[in-house]
Amino acid sequence: MSSTGRRMRRGAAVAAAALAVAGASGCGSADGGSGGGGGAGKRVRIAFFGLAAENAYTQFAYKGAQAEAKAKGAELSFFDGKFDGPTQIKQIQDAITSQRFDAFVVMPNDQPGVVPVAKQAIGQGISVTALQFPIGSDPKTARPQVEGLTASVVEDVVAGARISAEGINAMCRDRDPCKVALLYGSRKVTWDGAAKRPTILRTLTPNVKVVAEADGQFLQGPSEQAAADILQAHPDLDVLASPSGDQMALGGERALRAAGKRIGLGDRPRGAVAIIGYGAASSGVERVRRGSWYQTYALVPQTMARKAVDLAVAAVRGGGRKGVGIVQTEISPIGDNVTREVLREHPSFRAEWEG
C-alpha cells in the first residue's frame, strides 16, 4: 500500500472514531424537554443524520458540523444512516419521540421517503435542514419541498453530472468510438439513478460509447473490484469516470494500475486511460494538480455542513428565516469544478475531505 493510501485509511479511521465519540457524547449530554423554542442564548441540541458512518464524505461533513456547533454553543449528536432509507427514517422517528432535540440536520438516504418524518418533526416544533441532497421527490432542486423546512444546503447534482459528462467528452474528442466506463456510488439512490445518470447520458457526444456501468457502494474496495471486472471485459477502455465520488475513481485507478494500464489525459496514446473524478477529495485534487486525472467536480462538505448548522441554530434561536435554498456552488471557495487551470487560479485551495 502506498503512503497516500495509508494516510487516507488512517484519516478515515480517525474520522470514524470521532463520529462515534462525538455522537455518544452528544447523546449523553442532551437533557430532557421538548424540541423547539427560541432565545438568543438557548443551548441548541442538534441531531445530525448522516448518510453512513463508514463513508468518508459523511465523516468530513460531520467534522464541519461539529466545528460550527462548537462555535455556536450547540450540542451535536450523530446518527449512522448506513446508506439505508428505512434505517434513517426510524432513527428520525425515534429522535422525534425522544423529545431531546431542537433541530435536525439530515443527509437523506431516501429523499422522498424522509418527507413524512420531516413533516412530523416540523409539526413538533423541531427545525429541519436538508444537507447534501434535498428532502422531497425532486432530487434536482435546492428549493425546499416541505412546508416549514428551515433550509436545504445541497449539491447541484444536475450540474455535477453535466460537468462530468463534459469532461468525458473532452477526453474523447479525438476518439471514435471512445469507450467509457462509469462507476457510480449506487444507482438505487435517487441522486445517482434518477438525477445524475440520465443527465450524463443526454450530455455525452455521439462518439462516446458507454461500455460498462457499475456501482462501487461509495467505497474504494468495491469500486476496485468493479473496475477490474470491467477491464476483463473491456481491456481497450479509453475513459474511466465516476459521477458519484472520488472514492470510486480511486478504486478504479487501482484496478487500472494492477492491470498494467497507463493513465493519461487528452494527448495520451492508445491504450492509456483518462480518469475523471467527482467530489474534490484531497486525493482527487492532488491527482488533478499533478496532471494524472483530468478533473474532479468541486464539493465542499465541511463548508456546506457548517452552513446547515448555522441556519439550524439561527432558526431555533429565533433569528433565522425558513425556506432557504442554497446550492454548494454559492458558498464554494473554488466554484463548480477542479481542473489544473482552476487550481492555478486558486493555488491556496485545499480539499475539505479525504476519499
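The structure is a predicted model.

Is P235 buried, exposed or partly exposed? Partly exposed, because its relative accessibility is 44%, and that class runs between 20% and 50%. Along the chain, P235 and K179 are 56 residues apart.

Next, the cysteines. A disulfide is a covalent bond between the sulfur atoms of two cysteines. How many does a search of the whole structure find? One. The disulfide joins C172 to C178, with 2.0 Å from S to S. The angle about the S-S bond is -60°, and the link of C172 and C178 is left-handed. Both C172 and C178 are buried.

Now the empty space inside. Rolling a probe the size of a water molecule over the atoms shows where such space is left. Searching the whole structure gives two cavities of 30 Å³ or more.

The largest cavity holds about 150 Å³ of space. Its lining has 18 residues, and those closest to the centre are Y57, F133, E155, F218 and S244. Which elements give two or more residues to this lining? They are α6, residues 190–203, and β10, residues 272–279. The most comes from α6, which gives three residues. Sorted by class, the lining of the largest cavity has nine nonpolar residues, six polar and three charged.

The second largest cavity has about 30 Å³ of space. Lining it are I92, F104, V106, V114, V117, A118, A121, V128 and I135. At least two residues of that lining come from each of β3, residues 103–106, and α4, residues 115–123. Here α4 gives the most, with three residues. What classes of residue make up this second lining? Nine nonpolar, no polar and no charged residues.

Conventions:
Residues numbered from 1 in each chain as written. Predicted model: local features only at pLDDT ≥ 70, side-chain atom pairs only at ≥ 80, totals over all residues. Heavy atoms only, no water. Disulfide = S-S within 2.5 Å. Buried < 20%, exposed > 50% of the residue type's maximum accessible area, 1.4 Å probe, protein only. 1 Å grid on protein atoms, 1.4 Å probe; cavity = no way out; pocket = protein on both sides within 12 Å on 5 of 7 lines; lining within 4 Å. Points joined across faces, edges and corners; volume = space filled by probe spheres on them. Helix = DSSP H or I, 4+ residues; strand = E, 2+ residues; numbered from the N terminus. Nonpolar A, V, L, I, M, F, W, Y, C, P; charged D, E, K, R; others polar.
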